[in-house]
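Hi,

Here is the structure for you to look through. Please open it first, then read my notes below.

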Amino acid sequence: MVRKIEGPARIPVPGGKLIDEHIGRVSSGDDGISIAHMTAPPGWDEPPQRPQFAEYTVVLRGLVMVEHAEGTTEVAAGQSVVTMPGEKVRYSAGPEGAEYIAVCLPAFSAESAGRD
């Protein structure tokens, strides 16, 4: 069945980051996948988390930094990063902010994010 989704659902988060979920629990009722467009201001960061989902991130503009057990991975525009379920990570944006697409399998939820 074809389903058209008229537009994303804006998901409020602290720190000035914008999450526009195009497909997922909030916008389309899908719990198997979420696809969101993120815009993070310069210097934005979030608490560490141990999510129960895999996250596939494609950076469109700026720099996303991912702290993990082995160190910090910097992901620039045109690059991508994959994090796996159960891995402790902490995301932040570089000095010019960041714009990126995040795909989560299964879909993101606040409960499954495992934030500290």
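**Strands and salt bridges**

Strand β2 pairs with strand β3 (residues 34-40) through 5 bridges, and the two run antiparallel. Two strands count as paired if DSSP finds at least two bridges between them. Strands themselves are DSSP runs (E, at least two residues), numbered from the N terminus.

Before you go on, note how the model was made and read. This is a predicted model, where local features need pLDDT of at least 70 and side-chain atom pairs count only at pLDDT 80 or more, while totals for chains, interfaces and linings use all residues. Residues are numbered from 1 along each chain as its sequence is written, and side-chain values use heavy atoms, with hydrogens and water left out.

Now the other side of β2. Strand β1 (residues 9-11) joins β2 (residues 18-23) by 3 bridges, again antiparallel. Alanine 9 sits opposite glutamate 21 in β2. The hairpin of β1 and β2 has 6 residues between the strands. Glycine 15 in that hairpin takes a positive phi near 90°.

Next, the charges. Side chains of opposite charge can pair when their charged atoms come close. I call it a salt bridge when a side-chain nitrogen of Lys or Arg lies within 4 Å of a carboxyl oxygen of Asp or Glu. By this rule there are 5 salt bridges.

Which residue does arginine 10 form a salt bridge with? The partner is aspartate 20, with the closest N and O atoms 2.6 Å apart. Arginine 10 is in strand β1 and aspartate 20 in strand β2, so the pair ties together parts that are 10 residues apart in sequence. Aspartate 20 counts as buried, at 14% relative accessibility. The cut-offs for relative accessible area are under 20% for buried, over 50% for exposed, and partly exposed in between (1.4 Å probe, protein chains only).

Then look at arginine 90. Its side chain meets that of aspartate 45 in a salt bridge (2.4 Å, N to O). Arginine 90 lies in strand β7 (residues 90-105) and aspartate 45 in the loop between β3 and β4 (54-68), so this pair ties together parts that are 45 residues apart in sequence. Aspartate 45 is partly exposed, at 40% relative accessibility.

Arginine 90 also forms a salt bridge with glutamate 67 (2.6 Å, N to O). Glutamate 67 is in strand β4, 23 residues from arginine 90. At 31% relative accessibility, glutamate 67 counts as partly exposed.

Best wishes

Key
Helix = DSSP H or I, 4+ residues; strand = E, 2+ residues; numbered from the N terminus.
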